[in-house]
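Please keep the sequence and the coordinates in view while reading.

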Amino acid sequence: MVSLWPSIEPLLDGVAKPARYIGGEQGATVPVHGGGQVAWLLIYPDTYEIGLPNQGLQILYELLNERPDALAERTYAPWIDMESAMRAAGVPLFSVENHLAAGDFDVMAFNLSAELVYTNVLNLIDLAGVPVRGAGRTSAHPVVLAGGHCTFNPEPLADFVDAFVLGDGEEVVGEINDVLAGWLATEPELRDRAALLEGLASVEGVYVPSLYRVDFEGQVLTGITPRTPAAPPQVVKRTISDLAEWPYPKNQLVPLTEVVHDRLNVEVFRGCTRGCRFCQAGMITRPVRERPAAQVRSMIRAGLERTGYDEVALTSLSTADFSSIEDTVRAVVGGECGDQQVSVSLPSLRVDAFTVATATQIAHARRTGLTFAPEGGTWRMRRVINKLITEEDLYSAVDAAFSNGWRRVKLYFLIGLPTERDEDVLGIAELARRCVEIGRRHHRGPTVVASVGGFVPKPHTPFQWFGQDTAAELRRKVNLLKDACRPVRGLSLRWHDPEATAVEGLASRGDRRMGAVIERVWRAGGTFQEWSECFDLSKWEAALEAEGLSLESVTYRDREPDEVLAWDHLSAGLHRDFLWSDWQDALAAVAVEDCRWTPCYDCGACTDAGIEHVVASNVPPAGGSQGTGQDLATGDRVPVRFVTAAGAR
Amino acid sequence: MADRLRVRFGKVGKIRFTSHRDVARMWERALRRSGLPVARSQGFNPRPLVAFGLALPTGCESLAEYLDVTLAAPVDGPSEVPPWGDSYPDLVTLGLALSEFLPEGIDVGALAMVPSDASSLQQEVTSCSWELEVLGVTAAELVRRVELLLDAPTVSVRRERKGRHFDDDLRPSVRSLALFEPPEGSTASGSPSGFLRAELATRPRGVRPRELVEVLGTDVVLARARRTQQWIECDGARFEPLSADDLGRAVGAPHAMGRAS
């Protein structure tokens, strides 16, 4: 194995942001190869700035490098200028630590956090000099793996990735390494790739798509079934039961150049049971597992001291729900976690005044903007999606924010939700307008930004049967909002490109036939599709047509109740009948409460896996909105479903 | 009056591909880890009072980068106690500790206390010395091009600023330019190359190494550039803001001393 650095170095003078390619981050491990370890190349298929902070990748990087029988390096998608310089100079994809060719590694393991990066995955495999389709690889090639939230419907990438991992990676990564180490211990000429794939399929939580048959009748998917007894009929996600056993990353990478989320990140809990029906992350990461408060504090203290950061983010899907949030914030702000001034950021704020009070405690100086996500424009809409924020919750939160010195409030909304009517869309403008009014009571020129995204139905959610709004319909709704927001001074509207939303829908719920479409788009030069300057709908339309598919058939139509879904053979722990009844509740605008503090709905996530919520407090947080500590009947007649004793734990 | 610590550091190897702003962030983190009592700006969003000298173009190496750190005045205690208390007994220890907190390729070469009223690095520095490795032409041809450039009364380059074209004359900023023999084994690549030593003024207009190489001809390629010194001219004399052997000197750089007295 030879470092490619001498060939890479001359390319760096001619490309933008060359620091993306040099490695050298504090906390990085530069492993020594050749000791018989399984060599992993961990790949984030987007730019360095987006990929470096990814905590999942960093956790696996540390766990692998701690093992005596494994080593891990990292790489990211080179930007277009660098890729063309590399191809012109014959330089393959390389790792950032030792600058070794990707093809020198035993494993290329991708993090899949977003669907629009799929064409980049193909491009990176190709840039590594590895056949893009799994069927074309031999035992001399690296094994291509993928993990991350998108693997809960991996079918669009099934032709290109040898094995997918579902769920938490902490435990399963070691089991996969054992299988690979055993296989690599045999003589190279005796290595049988088919045997390796069967070995991987025997690991719980690992899905090897080539071992499954996909049947269609005409255009209708009729089943995905194992070809061999080595592959289980259903692959169930992995779940770690106790976050306290995994205090990672211990050595968070400190990049040399600017990246997103450039701060210390400490995960305070995993999973969320607020039950927002549009939210795939909240569905597939159940149950809630909190990290002990004392461990959170010690991770913050050690992390700040080691990195020199002056900001820490407490990460989770809804950090204000962390049982020890107040104590933790007080400890950091009060200097218990180091003697320098530190600011705390809380991504994913809940919408209520209590949350703002916490935010006020932490933001000494940088009181520039605060973000809330009511998601729906009317109370009816928010019951449909089970985002149980009353108007009073929102207005009191916004009032608290403006009265505590914030001048800019950002509101996140979705459009294209199930049962949505124009009045729900216009409700977004009305809510935002009233937030500006509240702001005027406190400041002369308050700003409210309403940021509107098009809804993409995701697998393993109650909305998986819903026909996504067409790009044209989303555009019409955006135009309604533009007209409604224009006269309001201080209100600005931002929206996501409806065409990109449509393509995200293709990748989100597409079946195995999408592979050929993705390959065509990649071959037509369609990389970095999540970047607006690179996104090109016409490439997708041409590819769909060539494959006899359409946006209509893949994502715009409603799914039939008994239809086989492309991810039915994969389980996030959730029972299909739970999702179906939650879907029916949604259509009837029936809200459900958070099961952390109320009886179990038997969704399946805990019971089938033999695990439970790990929550320090057995009562909902003070002042908590969203279906706890509030009378859901106020403001409107809200039916709340009560669960029978049989469903309770 | 607050104390000011002047630090000279190098930036060599892979890390030269980071930007000036990246280096500023590295220093902010390193200073926090060092526990030095860095003074902070007043106002809404207090920032540590750290001032860097001339920006080094991304991709260039340097043996002579500088920053000035304003230290918070000691709250009380005898005046001979340095502002960092007993965490670092002397400047040598402090310099070594700072290097430890900085990434590979960035090392503290020298540091000294300077009078807090010393003028800023950015204003003071009048020229920089560079070593440049260039490819593309033979040594003899390179000699000829250098002579041509030095003999020319003006060297005009067209530059666009804010949508308008300007013709700049680079010649007055090229103080000196000559070939030199590099020490063994210091070439960037295997191909034949020439080595230039240049002193480029910062005023009236700063010249970047890449601009200088461009005026030597389109066939000349800059392979590597390394800033070796920054110079301050004062009353006909030439100083470095801090020379490389100033490690651990508790009182200021010669020019600063001169000004203070």
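A contact means heavy atoms within 4.5 Å. On that basis, among contacts in chain B between residues at least 6 apart in sequence, 73% join residues at least 24 apart. This is a predicted model, in which local features need pLDDT of at least 70 and side-chain atom pairs count only at pLDDT 80 or more, while totals for chains, interfaces and linings use all residues. Residues are numbered from 1 along each chain as its sequence is written, chains are lettered from A and ligands numbered from 1 in the order in which they are written, and side-chain values use heavy atoms, with hydrogens and water left out.

Chain B contains six helices and 11 strands; helices (H or I, at least four residues) and strands (E, at least two) are DSSP runs, numbered from the N terminus. Of its 261 residues, 48% count as buried, where buried means under 20% relative accessible area, exposed over 50% and partly exposed in between (1.4 Å probe, protein chains only).

Helix 9 of chain A, residues 293-307, has 15 residues and spans 21 Å from its first C-alpha to its last, close to the 21 Å expected at 1.5 Å a residue. The expected span is 1.5 Å times one less than the number of residues. Its buried residues are A:A293, A:Q295, A:V296, A:M299, A:I300, A:G303, A:L304, A:R306 and A:T307. Because they cover an arc of only 165° around the axis, they lie on the same side of helix 9 of chain A; the arc is that of the directions from the helix axis to the C-beta atoms. On the other side, A:A294 and A:E305 are exposed. A:S298 also belongs to helix 9 of chain A and is partly exposed, with a relative accessible area of 32%. Just after this helix, A:G308 takes a positive phi of about 80°.

The cover over the buried residues of helix 9 of chain A includes strand 10 (264-267), strand 13 (311-315) and helix 10 (325-333) of chain A, together with helix 1 (20-34) of chain B. In helix 1 of chain B, 11 of the 15 residues are buried, so this helix is largely enclosed by the rest of the structure. The cover over these buried residues includes helix 9 of chain A and, among the elements of chain B, strand 1 (3-11) and helix 2 (91-101). B:G35 follows helix 1 of chain B and has a positive phi, near 75°.

Elsewhere in chain A, helix 13 (residues 391-403) and helix 14 (residues 422-440) pack at an angle of about 35°, with their axes 9 Å apart. Axes are lines fitted to C-alpha atoms, for helices over the stretch in contact, and angles run from 0 to 180 degrees between N-to-C directions. Residues of helix 13 including A:L394 and A:F402 meet residues of helix 14 including A:L431 and A:I438.

The backbone also deserves attention. Most residues other than glycine have a negative phi, and most peptide bonds are trans. The peptide bond from A:R286 to A:P287 is cis, with omega near -10°, and a cis bond also joins B:R203 and B:P204, with omega about 5°. A:H261, although not a glycine, has a positive phi of about 50°; A:H261 lies in the loop between strand 9 (235-236) and strand 10 of chain A.
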